[in-house]
Structures are given as structure tokens and as C-alpha cells.
Amino acid sequence: MTGMKRLIGLPVVVDGKQIGTVARGVVRPDGRALLGLVVREGIKSSRFLPAEDIGMLGRLSVIGTKKPERMPREAGYRLFRVTDANGARVGLVTDVMLDEKTLRVTALEISSGPVDDLIDGRWFATAFHVRSYGGVGHVTIPCRQN
């Protein structure tokens, strides 16, 4: 399991050549799997490496099977606010945990705020539902037990 934040800055290698670095990851609108990676290539505009073209997510690099393509409209999608089933605001999604082999989302890292992060730390939600509103995903979790 790896976090999408850990992928930022990793080199992307296709056909034995480094073609850029990972700028960020993008999840599908349902929040259940990786849609792809935004790849930055020096001063060129960013490109998009779809999940089906990712051969391997490694600890030191990302191996692609094809060159990145033009950025799709969905590349700006982000998970954001988190509420519980009663509608109470719980926090924000700070990271997405992925299974390296299947590229499926296994958990969401949630921050309740800076003070709560210092006292209790960030926590992970494995049961969640995502509703899309344009380029932002609103996450709903079952009521949290303290």
C-alpha cells in the first residue's frame, strides 16, 4: 500500500527513458481507483498517464507502458470535504492510499484540522461514499466513534 503523496516527484520511465516526474495523482470520480497520474516534463506542459498505461508503481520510480497523453478534463478532479452520515463536517481528505498492484483505493487519510492532528493525529477511512460536484468529490463516511 502506498500514498498518492509519496508518488509526487518520482521519475516516470517509459521504454527505459525518464520522460518526466509525477506532479500528482487523480482518482476516479467514484473514489474507488486511480484514474491516472499527471506527469510534468520540464518546461513542457503537463501530460497525463492513464492508470491502464501504468506498468508498475515502484518505491523509486513509476514505470509506464506508453507515453503520457493530453490532459483529459477529469485530470483536475480532487477529493475534498468529508462529512459523516448525519451531515456533520469531519475534515478534509489529505491523502489517498493505493494498492500498488491493482491501483484500487484502500483508504482515505483524513485530517480534522491542525489542532486535532497534533492531539489525535490523522486517521484513515476505509468505508466511504463519494459524490461528485464538478471537479470536486464530497466524501461521506459512516458516523465516527470517538
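How many aromatic pairs does the structure hold? The structure, which is a predicted model, holds zero aromatic pairs.

## Overall fold

The secondary structure of the protein chain comes to two helices and 13 strands. Along the principal axes, the C-alpha atoms fill a box of roughly 50 × 30 × 30 Å, and the radius of gyration of the protein chain is 16 Å, which agrees with the value near 15 Å that a compact globule of 146 residues would have.

Of the 146 residues, 45% count as buried. Among the contacts in the protein chain with a separation of 6 or more, 43% are accounted for by residues 24 or more positions apart.

## Nonpolar core

In the largest nonpolar core there are 37 residues, and those with the most contacts inside it are Val-62, Leu-79, Val-96, Leu-108, Val-139 and Ile-141.

Once its neighbours within four places in sequence are left aside, Ile-141 is in contact with a set of residues that includes Val-82, Thr-83, Asp-84, Ala-85 and Val-90. The contacts of Ile-141 also include Ile-110, Trp-123, Ala-125, Ala-127 and Phe-128.

## Charged side chains

A search of the whole structure finds one salt bridge, formed by Arg-122 with Glu-109, whose closest N and O atoms are 3.7 Å apart. Because Arg-122 lies in the loop between helix 2 (114-119) and strand 11 (123-125), while Glu-109 belongs to strand 10 (residues 105-111), the pair ties together parts that are 13 residues apart in sequence. The two partners can also be described by their accessibility: Arg-122 is partly exposed, with a relative accessible area of 40%, whereas Glu-109, at 15% relative accessibility, counts as buried.

A charge over a ring is found at Phe-128, where the charged end of Arg-32 sits over the ring, 4.1 Å from its centre. Phe-128 is also one of the residues in contact with Ile-141.

## Backbone exceptions

Most residues other than glycine have a negative phi. Asp-15, although it is not a glycine, has a positive phi of about 55 degrees, and its place is in the loop between strand 2 (11-14) and strand 3 (17-27). At 69% relative accessibility, Asp-15 counts as exposed.

Leu-103 likewise has a positive phi, near 60 degrees, in a residue other than glycine. The place of Leu-103 is in the loop between strand 9 (89-98) and strand 10, and with 10% relative accessibility Leu-103 counts as buried, whereas Asp-15 counts as exposed.

Note on methods. Residues are numbered from 1 along each chain as its sequence is written. This is a predicted model: local features need pLDDT of at least 70, side-chain atom pairs count only at pLDDT 80 or more; totals for chains, interfaces and linings use all residues. Side-chain values use heavy atoms; hydrogens and water are left out. A salt bridge is a side-chain nitrogen of Lys or Arg within 4 Å of a carboxyl oxygen of Asp or Glu. Helices (H or I, at least four residues) and strands (E, at least two) are DSSP runs, numbered from the N terminus. Buried means under 20% relative accessible area, exposed over 50%, partly exposed in between (1.4 Å probe, protein chains only). Rings of Phe, Tyr and Trp (its six-membered ring) pair if their centres lie within 6.5 Å; planes under 30 degrees apart count as stacked, over 60 as edge-to-face and the rest as tilted. A charge sits over a ring if NZ of Lys or CZ of Arg is within 6 Å of the ring centre and within 35 degrees of the ring normal. A nonpolar core is a set of buried Ala, Val, Leu, Ile, Met, Phe, Trp, Tyr and Cys residues joined through side-chain atoms within 4.5 Å. Contact means heavy atoms within 4.5 Å. The radius of gyration is taken over C-alpha atoms; the globule rule is 2.2 Å times the number of residues to the power 0.38.
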